[in-house]
Structures are given as C-alpha cells and as structure tokens.
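Please look over the structure shown below before turning to the notes that follow it.

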Amino acid sequence: MLIRTLIESDIPCLQKLYRYLAADNAEIPLREAIARWELLKSYPNSNIFVVCLENIPVASCTLVVIPNLTRNGMPYALIENVVTHEDHRKQGYGRAVLHRAIEAAWQAGCYKVMLMTGSKQSSTLKFYQDVGFEQSKTGFQIRRPKTA
C-alpha cells in the first residue's frame, strides 16, 4: 500500500473511483478534471490523497485547508469525497488515507479537521468515529437549485 498525493496520470482512475460516491456521478472531461485539480492544489496545503495498490488508486479523500481570522489565525481543514473502491473496503485503506490527510492538516497548522457524511449507516458513522472524528456539531447544507 502506497499513500501519496494525486498525480495527473491518476485522474482517470480517480474519476472511476468517484462512481462509488454516487452511482450517477458523471465523469468530467479529462482536461477539465486536470484544470480543477490544479486549482485545488493552488490552495496552500490542499490536495487529493490516494491509497494505491500496484499504482492504482483504490481509496481517496480531498483535503482543503482554509485560512482563518480566528484562533490566532490558525487555519482549519475540510475533508470531502472520502471513497474506497467496493472491492477494497474493510482492509484499512480508507482509514489510512484519512490519517494521511489529517496528518497533512496538522502539519499545515490547522486547529481542527471537519468532514460531513450524508450516510446514515451505522457502519459508516462508526468508521469515522474509529478514525478519531466525533459527532460534536450540527451540520447544515444548502444545495444549488436544479435549473429547468
């Protein structure tokens, strides 16, 4: 198992991996995906982390480090798009990629790391708790209205 940040040649595999987030998750054109990844990397200490087996990503998460004007200017981090290929679940890859992202957040001086899940499955909630996250706040979201 190799844990590293995403490289450009991983993007097609990553887009296939993202299908496990939601079955209707459509791939975006490769050139556009590369441009969005480059934009993400332009935010200091932000990136996509992957667990690779034989150089193929099987688990991933995105880390975004956000500058802050409170907490003595210490940034905070958001983890999103946590996914493990269904053939490789329950083998520690999701936990490993999350630990690597959390470590990167601490190295960036973050005072906290947040994530949200839409899952209500007790196994998913337990997974995040076992990694070290606690359900301590109430999350809210608003989604962009669908255009007609």
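In helix H2, Ala33, Ile34, Trp37 and Leu40 are buried, where buried means under 20% relative accessible area, exposed over 50% and partly exposed in between (1.4 Å probe, protein chains only). Seen down the axis of H2, these buried residues fall within an arc of 120°, so they line one face of the helix; the arc is that of the directions from the helix axis to the C-beta atoms. This is a predicted model, in which local features need pLDDT of at least 70 and side-chain atom pairs count only at pLDDT 80 or more, while totals for chains, interfaces and linings use all residues. Residues are numbered from 1 along each chain as its sequence is written, and side-chain values use heavy atoms, with hydrogens and water left out.

**Helix H2**

- On the other side of H2, Arg31, Arg36 and Leu39 are exposed.
- The buried residues of H2 pack against helix H1 (11–17), strand S2 (47–53) and strand S3 (56–66), contact being taken as heavy atoms within 4.5 Å.
- H2 covers residues 30–41, and at 1.5 Å a residue its twelve residues should span 16 Å, which agrees with the 16 Å between its end C-alpha atoms; the expected span is 1.5 Å times one less than the number of residues.
- An α-helix has 3.6 residues a turn, so residues three or four places apart point the same way.

**The chain as a whole**

- The chain holds four helices and five strands, and read along the sequence it follows the pattern β-α-α-β-β-β-α-β-α; helices (H or I, at least four residues) and strands (E, at least two) are DSSP runs numbered from the N terminus.
- With 148 residues, a compact globule would have a radius of gyration near 15 Å, and the chain has 16 Å, which agrees; the radius is taken over C-alpha atoms, and the globule rule is 2.2 Å times the number of residues to the power 0.38.
- Buried residues make up 35% of the 148 residues, and among contacts with a separation of 6 or more, 58% are between residues 24 or more positions apart.

**Helix H3**

- The 15 residues of H3 should span 21 Å at 1.5 Å a residue, and its end C-alpha atoms are 21 Å apart, which agrees.
- Among the buried residues of H3 are Tyr93, Val97, Leu98 and Ile102, and the buried residues of this helix pack against S1, S2, S3, S4, S5 and H4.
- Just after H3, Gly109 takes a positive phi of about 85°.

- Thr124, Tyr128 and Val131 are the buried residues of H4; seen down the axis of H4, they fall within an arc of 60°, so they line one face of the helix.
- What covers them includes strand S4 (76–84), helix H3 (93–107) and strand S5 (113–115).
- Gly132 lies in the segment after H4 (122–131), where it takes a positive phi of about 125° and is exposed, with a relative accessible area of 62%.

**Asp10**

- Asp10 is found in the loop between strand S1 (2–5) and H1, and at 2% relative accessibility it counts as buried.
- The side chain of Asp10 makes a polar contact with the side chain of Arg4 at 2.5 Å; such a contact is a pair of N or O atoms within 3.5 Å, and within protein one must be able to donate a hydrogen and the other to accept it, with residues adjacent in sequence counting only if both atoms are side-chain atoms.
- Leaving aside neighbours within four places in sequence, Asp10 is in contact with Arg4, Thr5, Val50, Asn55 and Pro57.
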